[in-house]
Amino acid sequence: MRIGIYPGSFDPLTLGHWDIIMRSAKLVDKLIIGVLNNSEKRPLFSAEERVNMLREITSEYENIEVEMFDGLLVEFVDLKSVDVIIRGLRAISDFEYELQIAQINHKMNPRVETIFLTASVNYSYLSSSIVKEVAQYGGDIHDLVPEQFVDRIYKKFEINKNANK
Ligand code: PNS
């Protein structure tokens, strides 16, 4: 059985992440979404909240599991017998960082390969940071994140989009 991991912060999950998740799940027998527990970075959603949101949205997909990890990804990869790390590439600006991470991960754990999926053109500009930037000023995020998370994101910024309706 080939096991893949799609690691990330997912703070919050964007439609770009979701696109990579759906495409990755077809490439492996089991896909683990690895949610980084980076509480020291003061994320918008706690690691528990992010894991729960991802479990909620992937509940109907039998070959997708959501797990929290901290420490080195390559150690978690061994713990879970992962064969391949999957990352999305949006633009050339992502490449340098992703190349470094893939190479150090391969050096630390030569058993594991990293593969890259290119982001769909529709989402090449999209990131969790952009979503947070738009949401905190009350901008429209409906085309940026899964619908069921829109209100939860606004709520974190204490924005009530229904106030004038
Ligand atoms: O969505 P992100 O925040 O770009 O994801 C980055 C992530 C989680 C894949 C990366 O930061 C990571 O793997 N962190 C765990 C620590 C680690 O193993 N770092 C790489 C080697 S230094």
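How much of the accessible surface of the protein chain belongs to carbon and sulfur atoms? The answer is 49% of about 9,500 Å². Keep in mind that this is a predicted model.

**Fold and overall shape**
- The protein chain has five strands and six helices, and going along the sequence they come in the order β-α-β-α-β-α-β-α-β-α-α.
- With a radius of gyration of 16 Å, close to the 15 Å from the globule rule for 165 residues, the protein chain is as compact as a globular protein of that length.
- Along the principal axes, the C-alpha atoms take up a box of roughly 55 × 35 × 30 Å.
- Of the contacts with a separation of 6 or more, 73% link residues 24 or more positions apart.

**Burial and charge**
- Buried residues account for 44% of the 165 in the protein chain.
- There are 19 positive and 25 negative charges, and their mean positions sit 1 Å apart.

- In soluble globular proteins, nonpolar side chains tend to be buried together.
- The largest nonpolar core here counts 34 residues, and L13, I21, L31, I33, L54, I141 and I153 have the most contacts inside it.
- Elements giving two or more residues to this core include α1 (15-25), β2 (30-36), α2 (47-58) and α6 (150-156).
- Helix α1 supplies the largest share of this core, with six residues.
- Beyond its neighbours within four places in sequence, I21 touches Y6, L13, L31, I33, L54 and I64.
- A second, separate core has ten residues, among them F76, V77, V82 and I85.

Conventions
Residues are numbered from 1 along each chain as its sequence is written. This is a predicted model: local features need pLDDT of at least 70, side-chain atom pairs count only at pLDDT 80 or more; totals for chains, interfaces and linings use all residues. Side-chain values use heavy atoms; hydrogens and water are left out. Helices (H or I, at least four residues) and strands (E, at least two) are DSSP runs, numbered from the N terminus. The radius of gyration is taken over C-alpha atoms; the globule rule is 2.2 Å times the number of residues to the power 0.38. Buried means under 20% relative accessible area, exposed over 50%, partly exposed in between (1.4 Å probe, protein chains only). Contact means heavy atoms within 4.5 Å. Accessible areas come from the Shrake-Rupley method with a 1.4 Å probe; for residues, only the protein chains shown count as cover. Lys and Arg count as positive and Asp and Glu as negative; His and the chain ends are not counted. The place of a charge is taken as NZ of Lys, CZ of Arg, CG of Asp or CD of Glu. A nonpolar core is a set of buried Ala, Val, Leu, Ile, Met, Phe, Trp, Tyr and Cys residues joined through side-chain atoms within 4.5 Å.
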